Amino acid sequence: MTTAPPVVHVVDDDASFRTAIARLLGASGYEVALYGSASELLEKLPGGALGCILLDVKMSGLDGPQLQERLGELGNRLPIVFLTGHGDVPTSVRAIKAGAEDFLTKPVAKKELLAAIERALNRYEEIRDHDSRIAALQSLVSRLTPREKEVFALVVRGKLNKQIAHELDIAERTIKAHRQQVMEKCEVQTLAELVLIAERLGILAAPPGNHGQP
Amino acid sequence: MFGIYCMAQLRAMRRLLIVAMTAALAPAICAAAEPPPRSVLILDHEDPGRYFYGAYSAAFRTTVRTGSAEAPITVYAENMDRGRFDGPSYPELLHTYFKEKYRGKDIGIIVTVGVPALDFILNARANLWSGVPVVFVAAEGFVSQLKLPPDVTGRTAQLSLRDMVDTARGLEPRLAQIALVGDPLERARPSFQRELPTLGPQVKLIDLTGLPMAELRKRVAVLPERTVIAYTDIYVDGAGVNYDPRDAMVAFAEAANRPIVVDAESYIGLGGVGGRVISPGLLGDELARLALRILNGEGVANIPVAKSESVKPIFDERQLKRWKISEASLPEDSEVRFRELTAWAQYHTQILIAFAAVLLQSAIIFGLLLERRRRHAAELESRGRLAQVMHMNRGAGLSAISSSIAHELNQPLGAILSNAQAAEILLRQNPPDLELIGTILADICKSDQRAGEVITHLRDLLRKNDRDPEVVNLNDVIMLAVEILVPEANTRGVKLTANLDPNPLPVRINPIHLQQVILNLALNGMDATASHSPGDRQVAIRAAVINNVTIKVSVADSGSGIPADKLPRIFEPFFTTKEKGTGLGLAIARTIIERSGGQISVENRPNGGAVFRFSLPLVKELVA
């Protein structure tokens, strides 16, 4: 999507360690952004560019897991690789459960570190692709009129035109016209394709009475 | 002794008295039926100044007194002193004298001692004390010739030359000569004269009687071997000098070169070896018992004349030793006097007491030494235990902060590794960025030093050997402790602050121990704040000088304080308010502070939390 090199966001309160990691990652071809504390990262919250966060567990102020939580609340999808001076089991379990990509122990070997970062970046690309596909589908569905959306929600649940007409209390012929419009606006030829879109957008998960957006 | 004058004189006296006796016969018969008056007259034939008289009369009086407590008996005594008064008219004079003297005095019994006294009484009794019974002691030879009236009885005691010679032969089995010392025999021992022919050819007599004292002393000093001296009495020596026979004995005995046998107890202990002797004490007692029996109503006829029991073999052990005479050679029933008692025999009580005292003292000393050793050992043990516990406790504290130590250490190690690996990559570039690589290498050095410092701190913390107290700056110790604690405090979300005095605070203490106290108090404070929300978790350490002599350190926390009921016991060993506490931390802290001359206390703060305070004396030397 972009030619800019991936950015590794390093959060560590130890300046010497921060610098050393920055040098290693820089020499290995990554763009590096350095933050002395969790709050500093939150201030300059990075956007959607390809990257990941390398996060120290123990820091003064907000520590690693707390920052992870905060980022989740803010909807930031950057994958997080934890680094700790002392790997204690409860902290690592908590971090992984909360969606951390990896949990590394200092001092960390280059190979191990770069592999973890690569995995995180790949993961971010997947996340980003997925997100963009969903966004495209949503833009298609957003073109539907309210009535068409109601018809769409019922069609993808396998209702017959007659049933929909009865349910919405309109003529069966009108339903047919709406259905034609939905197929066109969603750029699909078959009902199966339409169902797939509904599934991806989570429309099927919503209760049948709810005709709103996913 | 009892045959002091010759038989011719006796016969003359008897003739005189027979006339008077006939006149007094009638009242004597009348008095026989009445119970005898409780009075005794002792009639002695000698002079009252003699030892023998004094000794037996004293014994006699003692026995009479003790035997008649309920009905006292009066004792009269008369001494005829026949040695010095022996004129033909003397008996008649005595008769008249007694007659007048004892007019109106009832006499219950007459006790005579010596042949002349018995002889006088037998003649004079009818006239003087008609019907009064008589108890006598006299020479057997004299008594055996008498036909005694039924109300006269007594004891016989025969001193014989034969006895002395037999005794001498016991002492000197090869006896060849017997040297006789004393007044001429006709005065001293008339009966011995009669025995002389019976001595036989084996023993020759060396007659030293009647010599002046000076001459006697010379003669007894040069007696031939196999000779024993036999002493009777010397009242007057050959030079006409009067002697107490005991003094005379002492005077010649010290010059004698041969053992001396005697026949009277009074000479024992004055230089004589001993012999079959008459004991005045036993005699007095014997006569008194006879007199009492009669005064108490026993018939005189029931008491036959018998041998006195007052004659017995008595010897002087000192003399036996002097002449090297074995006690085995003495007669079987011998009494040995003047035993030179061994120290043990003489002082055995004192010796036992002294020995017991020494033994007791030794036991006490030994006990005290043992006690001291045991106490010393216990002190060592307790000191060792304390050190052990302190170390253990420090270990426990360490485990609590081990994660922060790992963090501390891994931080520089991580930096080193990353830097080195970055440099590796940079070196492969063409051209390599040598300037950056140089900076990287410098950083690696710095990180390495930092790791080294962490290790040093760790080692200081773990060091087991107890350093002697040294003067340290309390500020430095607190700062080091804070440095160690900060990572832990951060982890726990506790705000740890240290407010120190701007000037150095020199104290004399083992710095590791002091650090342990601060670590303990601060960690306790952190534990206490755990239940509070992160913003309210605070531990504050303050140090300040009070009055220029004392340093006060306080460690305050923002926890919930210590329950009031647990406050007083908080410093007791094994007392803990924590679930996983050992209960030793504060106990050790108190020990450390008090050992360094300080005090430690705790109180709850008015607006929550507890504050531990300890003081330490300020040392005048400033820390360099």
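Visitor: Which residues does Ala230(B) touch, leaving out those up to four places away in sequence?
Guide: This is a predicted model, in which local features need pLDDT of at least 70 and side-chain atom pairs count only at pLDDT 80 or more, while totals for chains, interfaces and linings use all residues. Residues are numbered from 1 along each chain as its sequence is written, chains are lettered from A and ligands numbered from 1 in the order in which they are written. Two residues are in contact if their C-beta atoms, placed from the backbone, lie within 7 Å. By that criterion Ala230(B) touches Met164(B), Ala168(B), Ile178(B), Ala179(B), Leu180(B), Val181(B) and Val261(B).

Visitor: Which residues touch the most other members of the largest nonpolar core?
Guide: A nonpolar core is a set of buried Ala, Val, Leu, Ile, Met, Phe, Trp, Tyr and Cys residues joined through C-beta atoms within 7 Å. A residue is buried if 20 or more other C-beta atoms lie within 10 Å of its own, exposed if 12 or fewer, and partly exposed in between. Among the 85 residues of the largest core, the most other members are touched by Val111(B), Val181(B), Ala230(B) and Ala291(B).

Visitor: From which domains of chain B does this core draw at least three residues each?
Guide: Domain bounds come from an automatic or database domain assignment. The core takes at least three residues from each of domain 1 (1–159 + 269–340) and domain 2 (160–262) of chain B.

Visitor: What is the strand order of the open sheet of 6 strands in chain B?
Guide: Strands are DSSP runs of E with at least two residues, and helices are runs of H or I with at least four, numbered from the N terminus. Two strands pair if DSSP finds at least two bridges between them; S4 (residues 134–138) and S5 (residues 152–156) of chain B do so in the parallel sense over 5 bridges. The edge strands, each pairing on one side only, are S2 (74–79) and S11 (306–307) of chain B. With parallel pairing, the order is S2-S1-S3-S4-S5-S11.

Visitor: Why does the length of helix H17 (residues 511–529) of chain B agree with expectation?
Guide: The expected span of a helix is 1.5 Å times one less than its number of residues. The 19 residues of H17(B) should therefore span 27 Å, and the end C-alpha atoms are apart by the matching value of 27 Å.

Visitor: How many of the 19 residues of H17(B) are buried?
Guide: This helix is mostly covered. The number of buried residues is 17.

Visitor: Is Leu121(A) buried or partly exposed?
Guide: Leu121(A) lies in helix H5 (residues 110–141) of chain A. Leaving aside neighbours within four places in sequence, Leu121(A) is in contact with Pro6(A), Leu50(A) and Cys52(A). Because Leu121(A) has 19 C-beta neighbours inside 10 Å, this residue counts as partly exposed.

Visitor: Which helix gives the largest share of the side of chain A that touches chain B?
Guide: In the interface, 19 residues of chain A are in contact with 24 residues of chain B. The chain A side divides into 7 nonpolar, 6 polar and 6 charged residues; Ala, Val, Leu, Ile, Met, Phe, Trp, Tyr, Cys and Pro count as nonpolar, Asp, Glu, Lys and Arg as charged, and the others, Gly among them, as polar. The largest share, 8 residues, comes from helix H1 (residues 15–27) of chain A.
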